[in-house]
Amino acid sequence: MPKLVFSFGPSGVEGDPSDKQRLGGKGSGLAAMTQLGVPVPAGFTISAEICEIRKRTGGNPPEMRGQVDEALRRVEGAIGMRFGDRENPLLVSVRSGAAVSMPGMMDTILNLGLTRPAVDGLARRTKNPRFAWDSYRRLLQMYGSVVLRVDHHAFEEVLASARKAAGVKEDSQLTAEQLRSVVDGYVLAIKRGGDEFPDDARSQLDGAIEAVFKSWDNDRAVTYRKINKITGLLGTAVTVQAMVFGNMGERSATGVCFTRDPATGENRIFGEWLRNAQGEDVVAGIRTPRPISEMERELPEVYAQLVATKDRLEAHFRDLLDLEFTVQEGTLYMLQTRSGKRAGLGAVRIAVEMVEEKRISPADAVKRVEPEHVEQLLFPVLDPSAKRAAVAAKRLLATGLGVGPGAASGRPVFTAAEAEAAAKAGEKVVLVRKETTPEDIGGMNAAAGILTTVGGRTSHAAVVARGLGKCCVVGCGTLEVDPGRRLVRGNGVTVAGGEPISLDGFTGEVFSGTLATRESEVLLAVVGGAAAPKGGTADLYQRLMGFADGARKLGVRANADTPLDATVARKLGAEGIGLCRTEHMFFSPEERIHAMREVILARKAGGAERALAKLLPMQREDFHAIFRAMEGFPVTIRLLDPPLHEFLPFDVPSQERVAADMGIPVAEIAHTVEVLREANPMLGHRGCRVGVTMPEIYEMQARAVLEAAAAVAREGGRVHPEIMIPLVGEARELRFLREKVERIAAEVQAATKADLALSIGTMVEVPRAAVTAGRIAEVADFFSFGTNDLTQTTFGISRDDVGKFIGAYLEREIYPQDPFRTLDVEGVGQLMRWATAEGRKTKPGLKVGICGEVGGDPASIAFCHALGLDYVSCSPYRVPVARLAAARAALAADPHAGAGG
């Protein structure tokens, strides 16, 4: 009989605490803490394998019930109480827990095993009737919402009415008799929902276990996994654990804490607690909790034990930990330990400082920081001068707790559905709620920022926002939110009618209107040259990047078309340019596009040479500056790629202006536009086809590249030009154009005596080029995969039109992801595999890279590493993300590899 239920308690631990796939994060953490001797209530974990079995068979395996009964008897023996007993009832919690933390996305039920007759027994045993009735009403509310699917607002209305009738603000102020009336109201609410609450302990347990397993496939859990790209898990485990009670009086409490500050990484205990409460009160944002520091004054012995326990656990797990605890009448119990969700700055600081503390290696530090964390360090922040002006103008609405990175501005919306609809329409919005719930996950992901009026730093909103990298402010208790009238009011200022608000995710300030932003501290230091004090954000970032660069095998280049882009890319760590799109140089300033139009329009009259002579020094100047910025790193320059009609005006007024400037009839321009018009420009007269039919354009560009390179060499600079021919699908195309480039190179070299070290290669962006890569490699020094066009031509989809249907394809899971954002490994990736292998079979050591948009996508970078490419190339501001992603890919492939120190 397979082992499906694993006990933990005073008699020992069953199962391997490191087996998170089966035990889930929660069960794994409880087992590990039990082994360490940390005070943990006894319990058992039902394996996540059950989810797989349920998928195959449609139900739980028959042996599960007997194993649960046996494990339950062990808990009874450890605690000295009996489950279902009227006088001395054992109460348990039933919680979800997958291998990867999904905070709040699945279900939890507390106080199971409490029946109406047992309430009186519990009251007598504890001499605390209020506690007994409070525990029962909590069970009714959670079981009713989770298992019986009664709208939670029905229970909230009963509780709110009881508070109002009693004249109190907090649930904890209600008396036993008042709570008994609340229970009656809850029972009636359940009946109105068409159900009866089961007054049998084992029926409650069965219903709760079933509900938790089902919650693996609820909408919010599925959405969360999609957003966070969580795959490959068995499902959720179910942990059943003896209850300890934080709601037994003033010497009881509950709380959540982190071993370090998850937002900033500061090495101090960070968290919140509530007296006379249960855990859901803290994490659900029902009550705004108190800072953990206040516990030191009010429960000093327990606080000291909590600090010692968190130090011991962090030393064991060597990571930021998210801990849940309960204090029952002065005794501390630990209910959870898991790796804590952290914001970008927190992730980087914790990783770097743990290396300094010799707790982890530089390689471990790289593995602990997600590429998205580094991206968060580049987020813009509210400009200090704009904030000062807003305060002076009395536009500061309120100040809460800043728990998410960066800044956000947008129109306030009051439901998750509104946020999702606005995001689909391309509008930036801020999701404003009293508190968020797990059902809000889609809207939280869609919104630019999140604002709640209650909840603390460990509330659902705070934890999920940190995981999503969203700007978030919680606990804005002075802010009035009226969803019905669609307004937000604070500090005497009303925001209504779709007016925007702005959030500062660091300070917690909320302003009316859209405030200006400035670059982050990292960009100001790394790109702008500002000071980077030791221990500051920029210094931590640079040290982490040093670790990453020591681990990665892939080179990282940038797609850059201007000297400014090249300079930024180089400062952010780019080791060259993987794609310089020369056509972008033709559009600005005005004389350039004018000269390009002359090339096209004057070709019949033999005037193209004069126009090209105008463009030559312009292009040469650009290339010279880019070579200088790259300081000897390779620069891959793609010759003209777009169809020629893109350079000509289509509307009549513009054609008339160009005709007047050039002194030619407007009819001639209109005729040329019509002649060049194509039914399918993406597959038409563009790329190397322009070079074949109008070789003088490519010859001019090649001369500009090579003369610029020669000039830099004469000035004592290092230069490595790479000329890339686009859209090649036939080896003879590349051979024809290569000969022309080589002739120009010979002329420039003879004239300048410069050693140009020129490489000539092609952009692999049509399937035929990939399929015939072996022959193309005979005349290519390098390949660069242009995955934008390779994806278009492989799928037969226009990137410009994919937005019309990609949403439906993703929603229906026809495509696992947008292939223009994350590389399609099965199709496009297979072509890349073939092309790389065949190219290197023909020419061993052939340099191969990638320069499409997916070059900055971490999952795509991991594929490129596995494929053995030489480099990836992405936009300048994605370079740090690519550097870290490449290092993580190398370490994932070889866990024993090191990293820079």
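Visitor: Is the crossing of H1 and H12 left-handed or right-handed?
Guide: Right-handed is the hand of the crossing of H1 and H12. A crossing is left-handed if the near helix is turned anticlockwise from the far one by less than a right angle, and right-handed if clockwise. Helices here are DSSP runs (H or I, at least four residues), strands likewise (E, at least two), and both are numbered from the N terminus.

Visitor: What should I know about the model before we go on?
Guide: It is a predicted model, in which local features need pLDDT of at least 70, side-chain atom pairs count only at pLDDT 80 or more, and totals for chains, interfaces and linings use all residues. Residues are numbered from 1 along each chain as its sequence is written, and side-chain values use heavy atoms, with hydrogens and water left out.

Visitor: Back to the pair. At what angle do H1 and H12 pack?
Guide: About 110°, with the axes of helix H1 (residues 20–36) and helix H12 (residues 300–317) 12 Å apart. Axes are lines fitted to C-alpha atoms, for helices over the stretch in contact, and angles run from 0 to 180 degrees between N-to-C directions. H1 is therefore roughly perpendicular to H12. Angles under 35 degrees count as roughly parallel, over 145 as roughly antiparallel, 65 to 115 as roughly perpendicular and the rest as oblique.

Visitor: Which residues meet there?
Guide: Ala32, Met33 and Leu36 of H1 meet Arg312, Leu313, His316 and Phe317 of H12. Contact means heavy atoms within 4.5 Å.

Visitor: And H34 with H35, how do those axes cross?
Guide: At roughly 30°, and the axes of H34 and helix H35 (residues 858–867) come within 11 Å. H34 and H35 are therefore roughly parallel to each other. The crossing of H34 past H35 is right-handed.

Visitor: What does H34 bring to that contact?
Guide: Gly829, Met832, Arg833, Thr836 and Arg840, which meet Phe863, Cys864 and Leu867 in H35.

Visitor: New topic. How many residues does the largest nonpolar core have?
Guide: It has 140 residues, and Phe627, Ile697 and Met832 have the most contacts inside it. Helix H28 (residues 695–714) gives the most to this core, with 11 residues. A nonpolar core is a set of buried Ala, Val, Leu, Ile, Met, Phe, Trp, Tyr and Cys residues joined through side-chain atoms within 4.5 Å. Buried means under 20% relative accessible area, exposed over 50%, partly exposed in between (1.4 Å probe, protein chains only).

Visitor: What does Phe627 touch?
Guide: Leaving out residues up to four places away in sequence, its contacts include Val705, Ala708, Ala709 and Val712.

Visitor: Is Gln655 buried or exposed?
Guide: Buried, at a relative accessible area of 6%. Gln655 sits in helix H25 (residues 652–662).

Visitor: How many residues of H19 are buried?
Guide: In helix H19 (residues 460–468), 8 of its 9 residues are buried. Among them are His460 and Arg466.

Visitor: What comes after H19?
Guide: Gly469, with a positive phi near 70°.

Visitor: What about phi in Lys394?
Guide: Lys394 is not a glycine, yet its phi is positive, about 60°. Most residues other than glycine have a negative phi. Lys394 lies in the loop between helix H16 (384–392) and strand E15 (396–399), and at 64% relative accessibility it is exposed.
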